[in-house]
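Biologist: I am new to this one. Could you walk me through how to read it?
Modeller: Gladly; bring your questions as we go.

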Amino acid sequence: MVNQMTTLGLIFMISAWTFVTVLTVFSVYRVFRGNKIDKK
Amino acid sequence: MSQRESWNSRFGLILAMAGNAIGLGNFLRFPVQASENGGGAFMIPYFIAFILLAIPLMWVEWTIGRHGGKFHHGSLPGMFDAMWNHPIAKYLGAIGLFISTIIFVYYTYIESWTLGFAYFSLTKEFFGTNSIEGMQSFLSSYQGSSQGYFTNLEPAYFFLIITIVLNFWLLYRGISEGIEKLAKVALPAIFVFGLALMIYIFYIGTPDPSKPDQNVWNGLAFIWNPNLNEIWDSKVWLAAAGQVFFTLSVGMGTLQAYASYLKANDDVALSGIATASLNEFAEVVIGGSIAIPIAVAFFGISSTVAIAQGGSFNLGFVSLSVIFQRIPYGNFIGFIWFLLLFFAGITSSVAMAQPLISFLKEQFKISHQKSVSIIGVGLFICIQFVVFFLKHGFLDEMDYWAGTFSLVVIALIEIIIFAWVFGMDNGWKELNRGAEIHIPIIFKYIIKYITPAYLLFIMIFWTLDDAIPTLLMEGKNPVDIPYLWGARVMMFTIFMIMVFIIYKGWQINKFEYEHFLKKEK
């Protein structure tokens, strides 16, 4: 059984990786920027 | 009421929350689920469930926790009581206390296997056992399920004791000195180890040039190539919803317990998103790029399908241990892999003990150390059954009722209490208090209508498809049936103990809570 990466597979993988990476970077950056508890 | 503990820093709290969410499932369960349920097509229902189910539940749990913390409640019975002034509310919370406690019992044992295998890998204990069947026998003899490399349970017991001692040492030190400090070390380690393993696996590429089809790239294709026909299959949608649900550790009462140590105006909106996204990064990017791709590169697609069908442990402990013997510095790479799993496990297990610790401290006014000691003794007694009756399905029975089915039940109860009893307007106001991001108003309606409907659909389907056959023990080996009943008796006993201590706790603190509720109103 051979299962090579298709264009659609690549699109799905890159889209999913991009979505979670952007969400992670955005939210962690915002947490660092407004670290309310630390400031207290 | 006495002063409660608090988190030292916001980032420490988020790391602890993410550590709670990131567990073995991110690295073992996700790739198996994705590859078995349509590959890339699985990700469509997966992300829809993430937005409609996971994010709303994450916000609801953080909010319930922070709200309960105002009344000095660190567990679901008190949190529900603070939101719904009805005698039954606190008893519904008993399910939450039950879930986290039961999972803590068996999860600690699984966690100890990862520590044991980290040691075996570093010392090359299983090197030489280089077939799948041989490693299956190695694992099974380690667990005491059969005779093989190990002739008794002593090694498993040894690593179990170390794991228990480590867990309770951290719990003994408390929220900021134990759990938060662990998260600040373990979470970065999980990401660094995970990304390093990912890069190493990509570097391996095609391990055997005579078999060019067996390569890491085709392993990624196995996970990501979409089979779009499967998107119309309701089982794929249920599998995706189940994976999203389990991976974020919602429905356990642990996120609420951690959030209860926040101040009334601390943000929960951005923190909830940060926790969920860190977990998703660990799962989708790292979890999907290690176990399955390397298994395909070494064994080919057909064998990997068979390995994946054998379950997550077959993939994580058996097939990867064979691969570690075939790659340069394999003992060290294996050590890193199992240590990653151990860190993922221990950051989750300490969270599972937290609701009961808070409950005992708050309801019975006993010291933190005494509360931890009582739970330690209780865990040690209960875990004996898991260790010695593992081969009879004792752990699986506990995992099904407490770690699978009850999670959906408690999630449904809490979202109904939050959105329909406490009221969506109150809930929305509470969620947005101190929020550092603007939550789109559509989520108010998603939380009120769509998420409960989604959960109800999952629960009905699972009840018909899984719960009834499991309850009737269909297809079980007759030899195992007495042990499965034993697991049920133990769980029922623990549940009744929870109900009793809630009853006693409220008798002791009744007037204090009434005073608090009046003051708040």
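Biologist: Does a neighbour count tell me whether B:Y329 is buried or exposed, and which is it?
Modeller: This is a predicted model, so keep that in mind throughout. B:Y329 has 11 C-beta neighbours inside 10 Å, so B:Y329 counts as exposed. B:Y329 sits in the loop between α14 (312-324) and α15 of chain B.

Biologist: What is the phi of B:Y329?
Modeller: Near 55 degrees, a positive value in a residue other than glycine. B:S249 also has a positive phi, near 60 degrees, and is not a glycine either.

Biologist: Where is B:S249 found?
Modeller: In the loop between α10 and α11 (254-259) of chain B. B:S249 follows α10(B).

Biologist: Is B:S249 buried or exposed?
Modeller: The cut-off for buried is 20 or more other C-beta atoms within 10 Å. B:S249 has 28 C-beta neighbours inside 10 Å, so B:S249 counts as buried.

Biologist: How many residues of α10(B) are buried?
Modeller: Ten of the 14, so α10(B) is largely enclosed by the rest of the structure. Among them are B:W237, B:Q243, B:V244 and B:F246.

Biologist: Which residues does B:V244 touch?
Modeller: Skip residues up to four places away in sequence. Then B:V244 touches B:Y46, B:A49, B:F50, B:L53 and B:A54.

Biologist: What is the general idea behind a nonpolar core?
Modeller: In soluble globular proteins, nonpolar side chains tend to be buried together. Here the largest nonpolar core has 187 residues. B:A54, B:V244 and B:I294 have the most contacts inside this core. Its largest share, 20 residues, comes from helix α15 (residues 330-364) of chain B.

Biologist: Which residues of helix α3 of chain B are buried?
Modeller: B:R29, B:F30, B:P31, B:V32, B:Q33, B:A34 and B:S35. That is seven of the eight residues in α3(B), residues 29-36, and the helix is mostly covered.

Biologist: What covers the buried residues of α3(B)?
Modeller: The cover includes α2 (24-27), α9, α10, α12, α13 and α14 of chain B. Just after α3(B), B:G38 takes a positive phi of about 95 degrees.

Biologist: Take B:I223 in helix α9 of chain B. Which residues is B:I223 in contact with?
Modeller: Leave aside neighbours within four places in sequence. B:I223 is in contact with B:P31, B:A34, B:S35, B:G39, B:G288 and B:I292. B:I223 is buried, with 28 other C-beta atoms within 10 Å.

Biologist: How do I read the packing of two helices?
Modeller: Check the angle between their axes, then the distance. An angle of 65 to 115 degrees counts as roughly perpendicular. Helix α4 (residues 43-70) and helix α18 (residues 424-432) of chain B pack at about 85 degrees, with axes 9 Å apart. That makes α4(B) roughly perpendicular to α18(B).

Biologist: Which residues meet in the contact of α4(B) with α18(B)?
Modeller: B:W59, B:T63 and B:H67 in α4(B) meet B:G427, B:E430 and B:L431 in α18(B). By class, this contact has two nonpolar, three polar and one charged residues.

Biologist: At what angle do α4(B) and α5(B) pack?
Modeller: About 85 degrees, with axes 9 Å apart. So α4(B) and α5(B) are roughly perpendicular to each other. B:I64, B:G65, B:H67 and B:G68 in α4(B) meet B:G78, B:M79, B:A82 and B:M83 in α5(B). The classes are four nonpolar, four polar and no charged residues.

Biologist: How many helices has chain A?
Modeller: Two, with zero strands. Buried residues make up 20% of the 40 residues in chain A.

Biologist: How many residues does each chain give to the contact between A and B?
Modeller: Chain B gives 32 residues and chain A gives 25. On the side of chain B that touches chain A, the largest share, ten residues, comes from α12(B). That side divides into 19 nonpolar, seven polar and six charged residues.

Technical notes: Residues are numbered from 1 along each chain as its sequence is written. Chains are lettered from A and ligands numbered from 1 in the order in which they are written. This is a predicted model: local features need pLDDT of at least 70, side-chain atom pairs count only at pLDDT 80 or more; totals for chains, interfaces and linings use all residues. Two residues are in contact if their C-beta atoms, placed from the backbone, lie within 7 Å. Helices (H or I, at least four residues) and strands (E, at least two) are DSSP runs, numbered from the N terminus. Ala, Val, Leu, Ile, Met, Phe, Trp, Tyr, Cys and Pro count as nonpolar, Asp, Glu, Lys and Arg as charged, and the others, Gly among them, as polar. Axes are lines fitted to C-alpha atoms, for helices over the stretch in contact, and angles run from 0 to 180 degrees between N-to-C directions. Angles under 35 degrees count as roughly parallel, over 145 as roughly antiparallel, 65 to 115 as roughly perpendicular and the rest as oblique. A nonpolar core is a set of buried Ala, Val, Leu, Ile, Met, Phe, Trp, Tyr and Cys residues joined through C-beta atoms within 7 Å. A residue is buried if 20 or more other C-beta atoms lie within 10 Å of its own, exposed if 12 or fewer, and partly exposed in between; C-beta atoms are placed from the backbone.
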